[in-house]
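Hi everyone, thanks for making time.

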Amino acid sequence: MAQNTELTRRSLMALSALGIVASARNAVAADGQLTWGVHVSLAPTWFDPAETPGIITPFMLMYALHDAMVKPMPGNGAEPCLAEKFKAAADGLSYEFTVRAGAKFHNGDPVTAEDVKFSFERYRGTSAQMMKERVAKVEAPDDRTVRFVLKEPWPDFITFYSSATGAGWIVPKKYVEKVGEDGFKKAPIGAGPYRFVSFTPGVSLVLEAFDDYWRKKPTVKRLLLKVIPEEATRLAALKRGEVDIAYSIRGELAEELRATPGLTLKSVVLQAPFWIYFADQWDEKSPWHDQRVREATRYAIDYKAISDALTLGFSPITNSMIPNGFEFYWQPPPATYNPEKAKKLLAEAGHGKGFDAGDYYCDSSYANVAEAVINYLQEAGIRVKLRPLERAAFYSGYSQKKLKNLIQGASGAFGNAATRLAAFVVKDGAYCYGNYPDIDELYAKQESELDVAKRTEILHRIQQMVHEKSMYAPIWQLAFLNGVGKRVGESGFGLVKGNAYSAPYEDVTIKK
Amino acid sequence: MKQYITRRVGYSLLSLFLLSLTIFLFVRVTGDPTTLLLEPGASEEDIVNMRHQFGLDQPLWVQYGLFVKSFLTGDFGNSFYYRSPVVDLYFERLPNSLLLASVAMVLSLLIGIPSGVLAAVRVGGFWDSAGKVFTLLGLSLPSFFIGLVLILFFTVYLGWLPSSGAGTAAHLIMPAFTLGWYFAAAHMRLTRSSMLEVLGSEYVKLARLKGLPEAMVIGKHAFKNALIPVITLAGINLVVMINVAVVVETVFAWPGIGRLLYEGISFRDFPVVQAVVVIGGSMIIVVNLLVDILYALIDPRIRLES
């Protein structure tokens, strides 16, 4: 025992002499600072809202550095932020925004209508071409008024301007013109709650509270985002107190996190439903053409048990292929696990002894979900072969209509219920293997409907029809699991619906 | 000699061409990067725009031509993921990789050479067996496993060292040890076999017959000559360490070239993968070319045979 103590003391002395222990201790977060262990490498392109790609990750930084005219906020999917207010013209051909009085960029310059116009015109990220084709012109008659004039009525304009793209996130025109595109990425200036301090590629990003932020003065002085790609290392860093929040901790590590005193597991439900698509339902010779077989499949699977086993029960069973936070979402009746009913329906369809149902295709990174589903299908007598494909091959095969039988799909794309239906349900949709004329007719009708209530009604009806026809067997809406350390008061998880990360950052707090 | 060098340079250029062609085709076989850079369900317009922006809509031979041109001009294009010049990304990470590789190399030599010498002078004894076990462990235990065990022990249980990142000497210890151990095993094995060969040579026997103390025979006469192949291997290993510490750099979040390659592969960032592989490959080809030329300069038989 004495020898062990001596060894430890000697080792400590040796390490201290090198300044090692001291520096390791210094790595632990200081007061007024919160540290995140981030699962992906941060890319400077995400500092610039003009380059927002069609993935959610850049919003991790945009909610800190920048602000938008209208953006998803707690309790409101399209809350006016840098816009004090906005209104659509009665004919649906223009939208007028009033820039918030007193809103400032980090360099002290006021946010003006010219900045809003410039940011939109400069935008080149996801759906840029489509937005610019539909917007005839942007007018800035005075410093605080911006008018978007559309070529024809477009009911989804606000959805795309506020959340499905980065076109509504505002950058300072004068500064961008002065420093240039590369200069802006090296030292970005925005109108968000935190200002840029430093970025070490592959290592970390440091941000500092912007006290003049219009909504409120952020309570945490500094944010440090440390890149730690390996999941087990992130958990170790969280346990050690090197980071206060660790993004993406899954499976057994999430179990361990939950069992560790002082740490909290926080889940965020992503706008990413998973489903089984019956690709052959329009083929009269296929067993999947029979609606009873599709319904039997839905009854045969215990979705909740799968969620419990794979995501600790955090992935909700919404029974829909549309994300539940989307505008125009219709909530279907709850999914029911009833293997007896499944067998009965199969017997009625002439498959009393079960049947060989062909292939079950999935993205190989989610083969664990597929395996669980297939076990339930086998029990009901639906015999399928698992065909996991590498992600790129899977989505390319899916969109090129090369897959068949059953397809386990998912999507985290931005938009609203209408945009999802366009891609996955309606005729000529990128991932549609067939269509129903009654649904297509309704869909076309809502496209030009300016009355929100009427449009909502139509879109609800379409979702109901998708449910009744059993076009899909929705599995779950994926949960993103994260670890939160004991210093954190409000982590910001789940405040903004569908956002995977801590947001809004000005609401994040340290425990007192 | 001139003919010999010309031929060697020709082989090197051919190797470089084959390497560039292989990696160019290989990354493209893995699939379309837009499927990883956009969400499933992204609009056709976004996919088409992104493919156009990255030049993926051009014929393969045009893409290859542009890649070769970018390599020759030292440009390497822009990263799909970072949207910034690959050459900037590479040189931002290179100092970190050099630092990690240098420290790991010193560690591997400090461990490998003494244990190799000890194993050679005590053949069949305890140190030889211990060395073999050590070698086996270093070569067979996967780096991610060693890395995670070290983190568990030194970070979680003892709280001595930071789990990951870079910036202080403390951050360097665990990744350097993990990387160094693998190569220490190789250095130990080569030192042992090289020492055994030298210890059996005539001039060592003569030294012993002259009555020189054993320490001097081993340290002054045998060791110096046995070290030559070890240093040659260490030189090549250093280049390898700089470029392929993929697992170690990922586990410890070390911002080096290995992690850049990992990110490149993860996101099908073709320009990044191509640049890292071609630059790394070029380093190895150039080192081999220099070694060939130096051997030919030192040993006339080589150039005469050629």
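Before we look at how the parts meet, one definition: two residues are in contact if their C-beta atoms, placed from the backbone, lie within 7 Å. Please also keep in mind that this is a predicted model.

Let's begin with the two chains. How many residues of chain A are in contact with chain B? There are 49 of them, and they meet 46 residues of chain B. Several elements of chain A supply at least two residues each to this side, among them helix 2 (20–26), helix 5 (128–134) and strand 10 (222–227). The one that gives the most is helix 8 of chain A, with six residues. Sorted by class, the side of chain A that touches chain B has 28 nonpolar, 13 polar and eight charged residues.

Now let's go inside chain A. It is divided into three pieces: domain 1 (32–41 + 178–268 + 480–507), domain 2 (50–56 + 66–176) and domain 3 (270–479). The C-alpha centres of domain 1 and domain 3 of chain A are 34 Å apart. Where these two touch, domain 1 of chain A brings 10 residues and domain 3 of chain A brings eight. Which element gives the most on the domain 1 side? That is helix 9 of chain A, with three residues. Strand 12 (264–278) and strand 16 (472–484) of chain A also give two or more residues there. By class, that side of domain 1 of chain A has five nonpolar, two polar and three charged residues.

Definitions and conventions
Residues are numbered from 1 along each chain as its sequence is written. Chains are lettered from A and ligands numbered from 1 in the order in which they are written. This is a predicted model: local features need pLDDT of at least 70, side-chain atom pairs count only at pLDDT 80 or more; totals for chains, interfaces and linings use all residues. Domain bounds come from an automatic or database domain assignment. Helices (H or I, at least four residues) and strands (E, at least two) are DSSP runs, numbered from the N terminus. Ala, Val, Leu, Ile, Met, Phe, Trp, Tyr, Cys and Pro count as nonpolar, Asp, Glu, Lys and Arg as charged, and the others, Gly among them, as polar.
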